[in-house]
Amino acid sequence: MTGVSSEGPLVGKLAQRAIAVTAGLFEMGDPPRLLASSCNECGQPHFPRQETCPYCSADGCTDIELSNNGTLWAWTAVTSAPPGYKGAVPYGFGVVELPEGIRIVTRLTESDPARLSYGEPVHLEIVPVYQDEDGRDVVTFAFAADASDAPVQGGE
Amino acid sequence: MDRVEVAGVGMHPFGRFPDVSLTQMGVVAVRAALKEAGVERGGFQAAFCGTAYGGVASGHKVLGAIGMTGMPIVDVEAGCASGGAALMLAASSIASGQYETVLVFGIEKMPKGMIRSSFFEPWQEESGMSATPAYFALRAQRLMQTSGVTKEHLARVVVKNRSQGVLNCDAMYRSLVSEGEVLSSRLVCEPLHLWMLCSPNEGAAAVVLTRAPSHGANAGLTRESRASSVSLLAAVLRSHLPGPVLGESTPMAGLVESHVVASGEDGAFVNEATLPSATTLAARSAYEEAGVGPEDLDVVECQDTDAARELLSYEELGLCSDGGAGAFFATGATERGGRLPVNMSGGLLSKGEPLGASALGQVVELVRQLRGDAGDRQVDGARVALSHTVGRGANAGVVILRG
């Protein structure tokens, strides 16, 4: 999984075998993308995409691209599986701040909180969480520390 | 608006009772509250039942089991503040003149371990985004960063509350713990260890509200119950304003403060730096309604879902300054014998958290405190008390009582 983002496009390598955990959140391209919107009235950014602005209630939002690079704002690790979870533990979990003025709740590829620090640069990756009954990787978005030389696997 | 009094309270202990049904627990609490209030069949005109996991017509099943139906019975779901929401509806229905006497109860029977909430979509569960303690942990980490809170403070909150739980026969955990034991309990989500988290469990609590005697005959109430009655000065429920990423509304994203001019509750634009939480909205409104401020409080029960949540509540309820939770706790003010004892029932950390019943469990404790009936847990001379619950939704309930 280390190579999902660093060894070239996920499309072509994994596309037939990987499926998104849900539609409409992210694109698995190279680079991957979070699918966001912003309000035509107040300009606030939303993730996931909205049709009505949750901040000012105006109808009418425009799709925007969010930066794939941000900084770490809060982090922890989940050490035992929550109900319904199909992946492995421990896994990293936190909040990342992006330059567009948005904070995203996200999985983190690093599952040892001691190896992360406040404000540390992070980037978006698409990571496998579990395999479905057909053996396909079910993937989701996660953020990884730029500095981490050997990212811990998202699902391990 | 008419004045509302608490005429009686009752509890089924909080804990795990594999052989007792949800309905049976409700019956125990309701019977106790009605008996204390001197209210019999036909003596209340409406009932509100707080429950999050009870299912269809949970309140009807309880009152049906004791042959007390016919009046409106409304089940109320507001997450961890379900009981507070039920109390708000009951109080306003009396204050507005609609009813004379109203029964409020909360019931819950939850499985052990991490809460499974229908709030989350299946994909969120499958991909690990529904781990409730992880959200608590992130909030705790932020509090440590902004409010001088340390892991030792978190452990000491547990020690404080558990030392009171020892004295409460309605609590689930009734043994003393040390700071070292808390810190060496299993790490759930850094910085939160197992004993810093409350246990979802089972239980029931009930409260009978009635119009104050000057405004009606109060048929059915005994003189004894009036003599020991407690005034309900405010019962407020509020939801969140959008923006904060770690608010109890549990959004998938939020805004960076410096970028935010968010829409306020009244539609006006307010700056995120001053954007109040659901708890703060409820507290401000309750203080105003009750005509008291945080400085007037003698005893508080607040939401200690986890140890950090209690400390955050100090700030949000205005018990200390923003950013001052760590220093305020370190003064010992909220300990037994301190200036403002908090969670003298043992808190949810000792009692466990049956969601629909937890807020009313707090009210039962505070009514006992205000009557001087709290036994070994009594805070001497307690006159004004505040109950606070908050959880997913966001839902925040604040109740202010005067003895």
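The legends below describe close-up views of a predicted model.

Residues are numbered from 1 along each chain as its sequence is written, and chains are lettered from A and ligands numbered from 1 in the order in which they are written. Local features need pLDDT of at least 70 and side-chain atom pairs count only at pLDDT 80 or more, while totals for chains, interfaces and linings use all residues; side-chain values use heavy atoms, with hydrogens and water left out.

**View 1. Chain A and its order of elements.** Chain A has two helices and 10 strands, where helices (H or I, at least four residues) and strands (E, at least two) are DSSP runs numbered from the N terminus. Read from the N terminus, the elements run α-α-β-β-β-β-β-β-β-β-β-β. Of its 156 residues, 51% count as buried, with buried meaning under 20% relative accessible area, exposed over 50% and partly exposed in between (1.4 Å probe, protein chains only). Among the contacts of chain A with a separation of 6 or more, 50% come from residues 24 or more positions apart, a contact being heavy atoms within 4.5 Å.

**View 2. The interface of chain B and chain A.** In this interface, 39 residues of chain B are in contact with 45 residues of chain A. The two chains bury about 3500 Å² between them, 63% of it on carbon and sulfur atoms; buried area here is the accessible area (1.4 Å probe) that two parts lose on being put together, summed over both. On the side of chain B, the residues that lose the most area to chain A are B:E126, B:M252 and B:L255, together 18% of what that side buries. The rule finds 14 residue pairs in polar contact across the interface (both at pLDDT 80 or more), a polar contact being a pair of N or O atoms within 3.5 Å of which, within protein, one must be able to donate a hydrogen and the other to accept it, and residues adjacent in sequence count only if both atoms are side-chain atoms. The largest share of the side of chain B that touches chain A, seven residues, comes from α5(B). The rule also finds one salt bridge across the interface, and the side chains of A:K86 and B:E126 meet in a salt bridge at 3.8 Å, N to O, the criterion being a side-chain nitrogen of Lys or Arg within 4 Å of a carboxyl oxygen of Asp or Glu.

View 3. The side chains of A:R33 and A:E65 meet in a salt bridge of 3.3 Å, N to O. Because A:R33 lies in strand β3 and A:E65 in strand β5 (residues 61-65), the pair ties together parts that are 32 residues apart in sequence. A:R33 is partly exposed, with a relative accessible area of 21%, whereas A:E65 counts as exposed at 56%. The side chains of A:R49 and A:D63 also meet in a salt bridge, at 3.4 Å, N to O. This pair links A:R49, in the loop between β4 (45-46) and β5, with A:D63 in strand β5, 14 residues apart.

View 4. B:D304 lies in the loop between β12 (299-301) and α10 (307-316) of chain B. The residue is buried yet has no salt bridge, the nearest side chain of opposite charge, B:K160, being 6.8 Å away; Lys and Arg count as positive and Asp and Glu as negative, whereas His and the chain ends are not counted. The side chain of B:D304 reaches the backbone nitrogen of B:L348 at 2.7 Å and the backbone nitrogen of B:L349 at 3.2 Å. Leaving aside neighbours within four places in sequence, the contacts of B:D304 include B:N161, B:C198 and B:N343.

View 5. A cis peptide bond joins A:D30 and A:P31, with omega about 0°, and another cis peptide bond joins A:V89 and A:P90, with omega about -5°. A:P31 is placed in the loop between β2 (26-27) and β3 (33-39) of chain A. In chain B, phi of B:N343 is near 60°, a positive value in a residue other than glycine, and B:N343 counts as buried at 1% relative accessibility.
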